[in-house]
Amino acid sequence: MKYAFYPGCVARGGAPELYDSALAVMERLGIEHVELTKAACTGAGVLQEKNLKMGDILNVRTFALAEQMGLPIMVLCSTCQGVMSQANHRVKRDPEYLAEVNKHLAAEGLEYKGTTSIKHLLWALIEDIGLDKLKETFTRELTGMNMAPFYGCYMVRPSEALEFKANPERETSLEQLIESVGGTVTDFAGKTACCGFPILFINQANSMKMVANHTGTAKDLGAHAMVTPCPLCHLNLDGYQPKARKQVRGDKADLPVIHVPQLIGLAMGMSEKTLGLQKHIVSTKEIVRMAEAAPAKV
Amino acid sequence: MLVKLKIKRFDPADSGGKTWWQEYDIDVHPDSTVLDSLIQIREQEDGTLAMRCACRASICGSCGMRVNGSAKLVCKTRMVDVAPNGEQLTIEPMGNQHVIRDLVVSLDTFFSQIKRVEPFLKPSFVPEQGEYIASNKSMENLLTSMNCIMCGCCVSDCTVLEVDANFIGPAALAKAWRFTEDPRDSERDERLKALNDEDGGMWDCTRCMKCVEVCPKGVAPMDRIMELREAAIAAGNTNTSGYRHTESFYNSVKKNGRLDETRLALDSAGWTNIPRLLDLAPIGIAAMRKGKLPPLMPHKSDEHKNVKYLYESVEGES
């Protein structure tokens, strides 16, 4: 498989371990990629608050760049996935709007015909690689590890733009991945809720309540770690967990929040350093120890 | 078809505040809705089950409740769609609202939020004769919000209301949007300013899209909230962290093609807001020690000037 690779701003900024671990597992899986270095930020739904059309134009430009290469886009971020899917949905169902957007792209010699698809690494693993083939690359069975899924809003809503009807497996993709590495799913109601990141700078008290509720509840239910396809959720749930847990629950940050490629990297036998697990704010030592002690896959 | 329902019960008189789950296995017609099944339980199995319903045609907005954890109008939800293979359904009262009994919630929370936005027209003038003629286009624009049947599903599943009862909520904001967009209303700017300045107003929405997903009538409250923000900014309301956050994001992408995370954090806090800046410091230091502080000099995308030209071509239009 080959993709036009769109890592997103945060994987190249505040969560560099996501970029590094994604490249490591993609190489192991033989996934080819060409990075879209000219592409702009998706706007993350924030830029769209000021100018929705501007956001759509930026994203359609990215779709056109991938279309020129004849490749589907791969992203590493729930928010990139959601914002791009929504933009694609809007222009594909409204040819007049697409023509209007294309008018702006013409100066750069670009035109989007509407053929680009966008897939998060998580979806690509299940839909394009297949869990059976993925499992062949695993060297460890992560039995005894309880993991709580945390999707990130943009990866689950609106389900129409994310094409859940045509791809029903997307609704349980994280659970499937956790089970594929031999782990046990810690199910909890907050898994499709908001992490609080979008209001971190606007209403921090509410944001901290969300962080403390989600990480605290998952921990209370026996989770050893939380797994998320969204680096923005990671930044809040990991980076602000010490403050949130102290402020809201009066306890300590004790739930590592790992990225999707870090989870499968652990099952592939990759080291803590390769996966950047030492870069987390909440210690990942215990899950690294558990993974290293896990039985070899037969 | 055989269906299994697991219903959350609450009896304020007998249970001393405790709730319990009760399971019912019944045989219903294959075309049944969840509401049909609940009515069958009440009429044939257990007359003590309390619920609210009226029109059975998704017009009255009475039968909002949670099915498998998500708010729905149960008269609009067919059993074969939610339990195609006879799976057990869990039915609970709506969230974020006071439960009176079993599946019935009080409407007080919902309407106290709606009242906060003064949901009535404040006309600029009353024609001396005849009627005020509004253009067809301006009225069609209001259809999304006017479709609201006040069922409370969006309020039930709002992730902000879960942690903050003071948030005005998605239904009230969608209703407010309707009046700011009505050409007959004379207080558009005042309404925008009030919702911009108010604690628990338009900027407290997290954009989680739960309300868009659960609304049975296509109101898409969050989309209306985004339009309120855009209108509030355009009307000159620049005194919020929300505004600074959006503005910084917009300009960062214009300049670099990419997001400058460090600058975004500082801009949002406000460069003269010393307590907020000091609050950011420990997080920044912890991130730096772990080697994951965003770069101080922003990454730029290749040929980022083309992004700037695009901005200019869009901005030149308005």
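Student: Which strands of chain A does helix 6 lie across?
Tutor: Keep in mind that this is a predicted model. Helix 6 of chain A, residues 121-129, lies across strand 3 and strand 4 of that chain. Relative to strand 4 of chain A, the helix runs at about 95°.
Student: OK, and in what order do the four strands of the chain A sheet come?
Tutor: The order is 2-1-3-4, in an open sheet with parallel pairing. Strand 2 (32-35) and strand 4 (118-120) of chain A are the edge strands, each pairing on one side only. From one strand to the next, the twist averages 40°.
Student: How many bridges join strand 1 to strand 3 in chain A?
Tutor: Three bridges link strand 1 (residues 2-6) with strand 3 (residues 73-75) of chain A. One pair to look at is A:Y6, whose bridge partner in strand 3 of chain A is A:V75.
Student: Switching to chain B: do strands 3 and 4 run parallel or antiparallel?
Tutor: Antiparallel, with four bridges between strand 3 (residues 64-67) and strand 4 (residues 70-73) of chain B. Their hairpin has two residues between the strands, and B:N68 takes a positive phi near 50° there.
Student: And what stands opposite B:R66 in strand 4 of chain B?
Tutor: That's B:A71. In strand 5 of chain B, B:R66 stands opposite B:E92. Two bridges join strand 3 to strand 5 (residues 88-92) of chain B, and this pair runs antiparallel.

Note on methods. Residues numbered from 1 in each chain as written. Chains lettered and ligands numbered in written order. Predicted model: local features only at pLDDT ≥ 70, side-chain atom pairs only at ≥ 80, totals over all residues. Pairing = 2+ DSSP bridges. Axes fitted to C-alpha atoms, helices over the stretch in contact; angles between N-to-C directions. Contact = placed C-beta atoms within 7 Å.
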